[in-house]
Amino acid sequence: MAGSSSSASYIHMVQHMIEKCLIFHMSKEECVEALSKHANVTPVITSTVWKELEKENKEFFKAYEERQSKKEQMSEEETNQMIQKIISDSSKEADD
């Protein structure tokens, strides 16, 4: 039973970090890469959680993708700065 609780907690943490990526207007690819690089989340986990979020929030993601296609991609430096903030914020919340 403890394993499924910690798995659910992990998935919730990944979901929370994806939501932060969305706030920063990151693409799915940028989010997958950033969480892999900075939070050691395997890309398949991030992709799976992202797909589930898409299923549950179709209208939001449709609008989000339309906005994404219109913006220029962030620089790698901007992406790194934002993901460090996401990780820092997530660590603080986990301590609460």
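## Overall layout

From the N terminus on, the elements of the chain run α-α-α-α-α. That gives 5 helices and 0 strands, where helices (H or I, at least four residues) and strands (E, at least two) are DSSP runs, numbered from the N terminus. The model is predicted: local features need pLDDT of at least 70 and side-chain atom pairs count only at pLDDT 80 or more, while totals for chains, interfaces and linings use all residues. Residues are numbered from 1 along each chain as its sequence is written, and side-chain values use heavy atoms, with hydrogens and water left out.

Of the 96 residues in the chain, 32% are buried. Buried means under 20% relative accessible area, exposed means over 50%, and partly exposed is in between (1.4 Å probe, protein chains only). The chain exposes about 6,400 Å², and carbon and sulfur atoms supply 54% of that area. Accessible areas come from the Shrake-Rupley method with a 1.4 Å probe; for residues, only the protein chains shown count as cover. Among contacts in the chain with a separation of 6 or more, 71% are between residues 24 or more positions apart; a contact means heavy atoms within 4.5 Å.

Helix α1 covers residues 2–23 and contains Ile 11. Ile 11 is partly exposed, because its relative accessible area is 35%. Together with Tyr 10 and Met 13, Ile 11 forms a nonpolar patch on the surface, with about 220 Å² of accessible area. Patches are made of residues with over 30% relative accessible area and no salt bridge; like charges are joined within 9 Å, and nonpolar side chains (Val, Leu, Ile, Met, Phe, Trp, Tyr) within 5 Å.

## Helix α2

Helix α2 runs over residues 28–39, which is 12 residues. The distance from its first C-alpha to its last is 15 Å, close to the 16 Å expected at 1.5 Å a residue. The expected span is 1.5 Å times one less than the number of residues in the helix. Just after α2, Asn 40 takes a positive phi of about 55°.

The buried residues of α2 include Glu 30, Cys 31, Val 32, Ala 34 and Leu 35. Glu 29 also belongs to α2, but Glu 29 is exposed because its relative accessible area is 58%.

Helix α3 spans residues 43–56 and includes Ser 47. Ser 47 has 18% relative accessibility and therefore counts as buried. Leaving out residues up to four places away in sequence, Ser 47 touches Lys 28 and Val 32.

A search of the whole structure finds 1 salt bridge. The term stands for a side-chain nitrogen of Lys or Arg within 4 Å of a carboxyl oxygen of Asp or Glu. Lys 55 forms a salt bridge with Glu 52, and the closest N and O atoms are 3.2 Å apart. Both residues lie in α3, 3 residues apart, or about one turn of the helix. An α-helix has 3.6 residues a turn, so residues three or four places apart point the same way. Lys 55 counts as exposed because its relative accessibility is 56%, whereas Glu 52, at 36%, counts as partly exposed.

The whole structure holds 4 aromatic pairs. In one of them, the rings of Phe 61 and Tyr 64 have centres 6.4 Å apart and planes at 70°, so the pair is edge-to-face. Rings of Phe, Tyr and Trp (its six-membered ring) pair if their centres lie within 6.5 Å; planes under 30 degrees apart count as stacked, over 60 as edge-to-face and the rest as tilted. Phe 61 and Tyr 64 are both buried. They sit 3 residues apart in helix α4 (residues 58–70), about one helical turn. Ring pairs link Trp 50, Phe 60, Phe 61 and Tyr 64 into a cluster.

Gln 68 is another residue of α4. With a relative accessible area of 11%, Gln 68 is buried. Gln 68 touches His 25, Met 26 and Ser 27, not counting residues up to four places away in sequence.

## Helix α5

Helix α5 takes in residues 76–95, with Ile 83 among them. Ile 83 is buried, at a relative accessible area of 0%. Apart from residues up to four places away in sequence, Ile 83 touches Cys 21, Ala 34, Leu 35 and His 38. The C-alpha atoms of Ile 83 and Met 17 are separated by 8.8 Å, although these residues are 66 residues apart along the chain.
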